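Me: I would like to learn how to read the features of a model such as this one. Please take them one at a time, with the general idea before the case.

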Amino acid sequence: VRPVRRVLVTWLFLGALSVEAQSSKPYVTPNAPLLGSAWYPEQWPESRWDADLALMEQAHMNVVRVGEFAWSTMEPSEGHYDLDWLDRVITLAGKHHLAVVIGTPTDAPPAWLSTKYPDTLGMNADGRYREHGGRRQFNYASPRYRHLCALIVTQMARRFGHNPNIIGWQIGNEYTDESFDPATRAQFQHFLETRYKTLDNLNRQWSTAYWSQTYTAWEQIPLVNTNGNPGLLLEHKHFVTATWRSLQREQIDILRPAILPSQFITTNIGGLAWSDNWDHYAMTADLDLASWDDYVGQGHLQSARNAMLNDFVRGWRRQNFWVMETQPGSVNWAPINNALAPGETRSLAWQAIGHGADAVLYWQWRDALNGQEQYHGAIAGPDGKPLPIYSEIQQLGRDLELARSVIADTVPHAEIAILHDYDSRWAIDFQPHSREYDQQQVLVRFYAPLQELAHSIDVIQPMTNLDGYKLLVAPSLNVIPQYLANHLLAWVQAGGHLLLGPRSGMKDEFNSLNPQCQPGPLAAPLGGRVEQYYALDQPVSIGKGTADIWGEQLSAIAPDTTVDLMYGAGNGWLEGKPAMIARVIGKGSISYLGTLPDEAAMRTLLTAAAQNAHTTVSTDSVPKDVELCIRSNAARTITILINHSSSLQHATLEGRYRSLFPDVSVVSNANTTTVQLSSQGIAVLEVSR
Amino acid sequence: MVLREVLLQHRNWLFAFFVLSAMPVAAQPAAQPLRFGAAWYPEQWPEQRWDADLQLMEDAHMNVVRVAEFAWSTLEPSEGHFDFTWLDHAVALAAKHHIAVVLGTPTAAPPAWLTSKYPETLRVNEDGKRAEHGNRQHFSFTSHQYRLLSAKIALEMAKHFGHNPNVIGWQIDNELAAPSFDPSSRQQFHLWLKHRYGTIAELNRRWATAYWSQTYDSFDQIPVHSKGENPALLLDWKRFVTDTWGDYVANQVHAIRPNAVASQFITTNTMHWFQGFDHYMLHRALDLAAWDDYYPDGHLDPTLNAVLHDLVRGFKQRNFWVMETQPGFVNWGPVNATLPPGVTREMAWQAVGHGADAVFYWQWRSALNGQEEYHGSVVGVDGTPVPIYAEIQQTGAEFERTSKALAGTTPHAVVAILQSYDSHWAIDFQKHSQKFDYETQITDIYRVLQPLAQTIDILSPDADLTRYKVVFAPALNVISDATAKNLLAYVQQGGQLLLGPRSGMKDGDDALQPERQPGPLAVALGGHVAQYYALDKPVEITGSLGSGSVEVWAEELALTASDAKVLMTYAATAGWLANKPAAIEHKYGKGSITYIGATLDSGLMKSVVFSVLHMAGVEPILPGVPTEVELMERSSPGGAKIWIFINHGAGTQRVETRQEGTELLTGKTGQSIELPSHGVAVYELARRP
């Protein structure tokens, strides 16, 4: 292979920060929700394959994912491709009524590649080059590595792009590690030059007079991911996003012209969806479908958190999504890899479906006899026979056979959205100020009561079309540049109600402090501002409740800005000061909440916010441990009830429903339906006609 | 001429630290007013903003500002091109607002052009990674080139501002900290060792290198490490670092002193217990000690803070400055909670009580970008006061009101605690029990001693001790021949020396003292340590001073002189220690030595300290002060005495002064003072007729 000097500029900068979707038509999963698993036939003798596929079929699975780490089998030596075995795999899967998702193997380059082309190896932030023996040893910014990827992907696309049993493609696997090598550093500097044009501009936006950081040449700018100037750290995240996105884009550009239009292109996003290595909105914008890997790890399913994560994933493309991996009972990477309790694996799957998943795939079918993940949960044991979890997954398969015809082509709909934004995520995580300020927990503190109120919540990024929402809640919208303020204000003027949470509006798009005081460019419209923020090491009282972790002293400056909540005792600086202020603007309003109220206080506050925004409030009577999810389309509305507890529960719904599962008891009278849910029980209901 | 000297100095690097003691120093300053101010970075802001900042400072009764310490890239935008115009303007504008200036040399933040052109000036971490531009303190402290460039900027600044009447002093660099492990450091460490030991045979003997075949054939074989090595090497590394930093500072002192008027002091700002170098040695080249007083968790520990002030006062055995302290909160702790209302003022007054003649806040206003955006400041992002401003303003007004009375006064103590860097290091290299903490040993004694003696000096064991009635030496692990001579002379002339556990184990090379503990003091003590034990549970102890328990550390003592006295004995249940002496005392010359071989509980410690003070005739300055209230006395020869009272407790306290005087903050006379929580009184005693 000749070293490839692609023009980096095109792939790095063209729309790297734009999240406009490349494909406008939403992908609709045929025959959804699908059920399947990841399977690695290359790890087993071919004589075994049929038995595996037969067991999958018996579990009512209808999809299987293959190929994603099989580079050394597909291309055993440079330029010598062997894809025949994969052809046989796909054909055999088809015989067992299993559709195939095929992975490009570029997350795991073969040893010959790393040996022959050591310049394709990535460098960790500590200055050490990675090496063969794990996975992800490659340098994501290396033109040579990308060229080698292009060659194998081209072969695969030619061979399988028109295979009718392939429904989609997965690029790589859980994009994770960036690189800090000198070549990548030069690319970063070039990226900055393109973005800032002049060093004067960069020096100004980064306030580099501070600590004499002043740059007099682009080559002086370091590539670091910790302890740097906040402006630099934020740009590094933008660069990482652009670099991964271009790596992905290169494979999309090979695949898309060569494969059937019906075949989707996705990538499975790891880090429990929440990892902030790069911007998930930007990365999924180029895909047909978002998919993620939903793992509990240690402990048990935290329903609100996992519900939020599913909604978060749905928000990346504002479409239904896939769970490309989830645990059959347990994982191998947590401190204590306990198994989910009986029924929880099924609940997790139904929760994902309730929030818009159109497929659930387990990782993995069977553990390789050697390799780093021998202890991971599997469906078939080392002897190839079903493990105890098999029957629970088989039950899920039966569930789906009963429900599939009505669930397919339905999606969740919400009037309330929580705003999530990567610049804000990053800006706070670079400078948390309090280690207690965990942004996921903060988000869930807002999400959980909203979910109880409205059942369906969207989690979306703010620079998107906001029409249709009545209430937007922004828990920690730290970065509010002028353009975002304008966008939000236009929506508010037209009748939207915006509730900003603590830490909002502190920074601009360069991670520089907004000089107007928080919430920056929204301070003037709000008619109030943050006088001072405080990290709290003990709770303070607010109204009838308490708040903790973070407290901002607010002030209402405009005469028509109201003080909706005051701090009581607990912190001498905050006592008697406003904790929440609000102002009517146009047909809508902006509220600012400067602290994190406890559960009850938050519920009260968000209930009032929802009422104020005239959102539809559910009148169903659902116990606390039972989750209610709704998917609908123009033709029908499907209600999914999940009992997250291990005790018998009853839910009473407005209207008359029929159960899709024969073993779930439903009693209807004139206007209501009572559903009995056993321990970890699931009900899928359709309105009776 | 000076620069030529500097060049010469670098031709023979070792020359420098021999001349430290002969270095020119500023004349002992005449009684100065109390200074009150902030760190201000005009280079980060447009010049038209400066006047507003200085006006706000003046309104807060500030009379000093520290500038330029990180402004190298603005002062010397490219090599050899200096721009002092802006700083001239800043200094002149400050003068208009009656604000004096302390100028920092900017060498903690080399500009990008410097490190790109001279990459050898970059610091190398112990893991071999070279630091890079984008942070601060990324220079190598042994780099010749860096010394030249920093001498040059210091010289140019001194030539320009050395006679400016509004510049009252100089701060060299900022928080000297990280050593470098680059080839130049290695070479100079070897030179340093060669100078210390003369021959490799001598080094081998004193380091006992036959152990593990560590024997060196030549100096250049000696590794450069700060941990995991031969204890002698580790201690010598610390001393080498100390000498190198001393020389680093001297390099700039040499540039400034001949070009500055004698009234301009030269200092550097150090960090509390920081163990990177011996602060007594470092301050030999400086006129004034200054330190940075921070409580990242927002909880003032008044005893610890008192210890640290007294420690810093001991660096030069004269009043000191607090060069930085937090306006409420910092940005670098796990939870950066703020000091409660009143505590920022309380800290300022405690500093003054312990001998501070200046208190500066860090910082005036946060840069809009840069690593410390979240640090507490006096004005906010918009340039208007944040809530803490009012408290600082009040403190400033109080400083102004009391400045005249306090000018020229200082604390005077008759008891001292010895604090030894060698001992601290030697114990930390080989803790033997993770619970044994040198700093706790010092603060535990201090905590007990403070209410009884009220003024305490903390000193190097090599300081002149003749003025002290009692000297405490907890954990004086390393006793060099010179230290032994100093201590023995003190006792012979009538001093009371109280040694704590682990004392006298090592000699000046961190080698075991062959006489057993306390080494060269064993004969004078008339006893020694028969064996030491790390304790995993408490042991009972009894004696004429009461009963109690000891934990962490216990030593079995043995008498060798017939007139030595056992003060305390371990209980019969104490295993190896059963019925053995735990504390012994022996008259020596006109004084006595007491050795306490265990870490006593606070009750027992109190009895011991009380008894020793009583025997030595040490009385509290004012008896009957409530426990929560700290009394600090400052006085000047022939002047009035000032008592500063601070209520560190949560409730209101009343103090009876028993002597005529005036409370200067309120102007009230009368001998009964009521102090609210965090309250301060500055009580000037009426002069006796």
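Reply: Start with burial: a residue is buried under 20% relative accessible area, exposed over 50%, and partly exposed in between, using a 1.4 Å probe and protein chains only. The model is predicted, so local features need pLDDT of at least 70, side-chain atom pairs count only at pLDDT 80 or more, and totals for chains, interfaces and linings use all residues. Residues are numbered from 1 along each chain as its sequence is written, chains are lettered from A and ligands numbered from 1 in the order in which they are written, and side-chain values use heavy atoms, with hydrogens and water left out.

Me: Is B:Q454 buried or exposed?

Reply: B:Q454 counts as buried, because its relative accessibility is 8%. Helices (H or I, at least four residues) and strands (E, at least two) are DSSP runs, numbered from the N terminus. In those terms, B:Q454 sits in the loop between α16 (438-453) and β11 (456-459) of chain B. Its phi is positive, near 65°, although B:Q454 is a residue other than glycine.

Me: Which residue of chain A has a positive phi although it is not a glycine?

Reply: A:K197, with a phi of about 70°. A:K197 lies in the loop between α7 (182-196) and α8 (199-205) of chain A. A:K197 counts as exposed because its relative accessibility is 61%.

Me: How many residues of helix α13 in chain B are buried?

Reply: In α13 (residues 343-353) of chain B, 11 of the 11 residues are buried, so the helix is mostly covered. Among them are B:R345, B:E346 and B:W349. After α13(B) comes B:G355, with a positive phi near 115°.

Me: What about partly exposed residues?

Reply: B:A390 is one case, at a relative accessible area of 48%. B:A390 belongs to helix α14 (residues 388-406) of chain B.

Me: Where is A:N633, and which residues does it touch?

Reply: A:N633 is in the loop between β21 (626-632) and β22 (637-643) of chain A. A contact means heavy atoms within 4.5 Å. Leaving out residues up to four places away in sequence, A:N633 touches A:A408, A:D409 and A:T410. A:H190 is 443 residues from A:N633 along the chain, and their C-alpha atoms are separated by 47 Å.

Me: Where are the cis peptide bonds, and what is omega there?

Reply: One joins A:Q518 and A:P519, with omega about -5°. A:P519 is in the loop between β13 (497-500) and α17 (523-526) of chain A. Another runs from B:W362 to B:Q363, with omega near -5°. B:Q363 is in the loop between β9 (356-361) and α14 of chain B.

Me: How do I read the dimensions of a whole chain?

Reply: The radius of gyration is taken over C-alpha atoms, and the globule rule is 2.2 Å times the number of residues to the power 0.38. For 689 residues a compact globule would be near 26 Å, and chain A agrees because its value is 26 Å. Chain B has 26 Å as well, which agrees with the rule. The C-alpha atoms of chain A fill a box of roughly 80 × 75 × 45 Å along the principal axes.
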